[in-house]
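Colleague: I'd like to learn how to read aromatic packing in a model. Can you walk me through it?

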Amino acid sequence: MVKKRKRSESSEVVAHPKKEDAAPERPARTLLGWKDKSQVTDEVDDNTVASPIFRNKEKVLVTCSRRISYRYRHLMLNLVSLLPHCKKDNKVESKETKGATLNELVELKSCSSCLFFECRKAKDLYLWMAKCPSGPSVKFLVSAVHTMEELKLTGNHLKGSRPLLTFSANFEKDAHWKLLKEMLLQIFEVPKDHRKAKPFHDHVFVFSIADDHIWFRNYQISTHHNESDKLPRGGLDKMTLIEVGPRFCLNPIKIFGGSFGGPTLYENPFYVSPNQIRALEKKKKSGKFAKKVKAKTRRKMHEMSNPLEPDEFADMWKD
């Protein structure tokens, strides 16, 4: 049998170093290496106090209703190509609950504004322009629509470039025009640091008021391209504007306090719906038909009251 070896009492016990109670906190890692957390917090506090930086994170959701006609769908696609900071979504059913559906879509797409093209009777186009989720929102009637494919103009500019926005002096006249100007400015202005936007301006969006309607035009800024003919800074007299398209006219109907609804802030007193215009045209046509019927009855009554005398030679050639 093998005997077990007894442990010697004189064996020295190896002393292990004691572990610290808590390990030191790891510094924050940056692209240039490791950085102490205290330094990071100090720098953040200095930046927030000294120079607060505003970053425009505006994103616009563009969608339309079902059964929209092809011309109005092409107009929507033209606007999508002009706004690099927009997101296009599937069609939405035009019902009473469309406001809640659109607000949910805007939240899911992480957008802050919405452009909703609503087509009714395959004839009338309405544009909803809303700031989500708290409002305000505006409902327009869109008329005088001309898409880029229809116009075939000679103007051309780079896709994704940032536009200059110009407004006529009429926008400073009343309070509702000032509100519309601010909404158009926030929605159509492309953020400077957006990943799809080009960092220069080569076209202009023009919003002008005529006959209480907002008219939209898009122009290219054309300059000389030769190195010898470079324009000095501020040489606006040698720049020319060439229209690109599309064209459309916005007739404001109502301004609401909320997003796609809420209290009415403004109502256009001069607005006449397209259904009323078509009804008046039908009445005019029905008036023409009634005049024809009355003329026929008058002719018959005149013939009955004034009969013709019998003709002497009526039976002359019967034999």
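Modeller: Start with the fold: this predicted model has 6 helices and 13 strands in its chain. Of the 319 residues, 32% are buried.

Colleague: What share of the contacts between residues at least 6 apart in sequence join residues at least 24 apart?

Modeller: That share is 67%.

Colleague: On to the rings, then. How many aromatic pairs does the structure hold?

Modeller: There are 11. The angle between the ring planes tells you the type: over 60 degrees is edge-to-face, under 30 is stacked. Take F188 and F207: their planes are 65° apart, with 5.4 Å centre to centre, which makes the pair edge-to-face. F188 belongs to helix α5 and F207 to strand β9, so this pair links distant parts of the chain, 19 residues apart.

Colleague: Why does F216 count as buried?

Modeller: Buried means under 20% relative accessible area. F216 has 1% relative accessibility, so it counts as buried, and F248 counts as buried at 4%.

Colleague: Which residues form the aromatic cluster?

Modeller: F167, F171, W177, F188, F205, F207, F216 and F248 form one cluster.

Colleague: What about charges over rings?

Modeller: Look at Y126. The charged end of R120 sits over its ring, 5.1 Å from the centre, and K139 lies over the face of Y126 at 4.9 Å from the ring centre.

Conventions: Residues numbered from 1 in each chain as written. Predicted model: local features only at pLDDT ≥ 70, side-chain atom pairs only at ≥ 80, totals over all residues. Heavy atoms only, no water. Helix = DSSP H or I, 4+ residues; strand = E, 2+ residues; numbered from the N terminus. Buried < 20%, exposed > 50% of the residue type's maximum accessible area, 1.4 Å probe, protein only. Contact = heavy atoms within 4.5 Å. Phe/Tyr/Trp six-rings, centres within 6.5 Å; stacked < 30°, edge-to-face > 60°. Lys NZ or Arg CZ within 6 Å of the ring centre and 35° of its normal.
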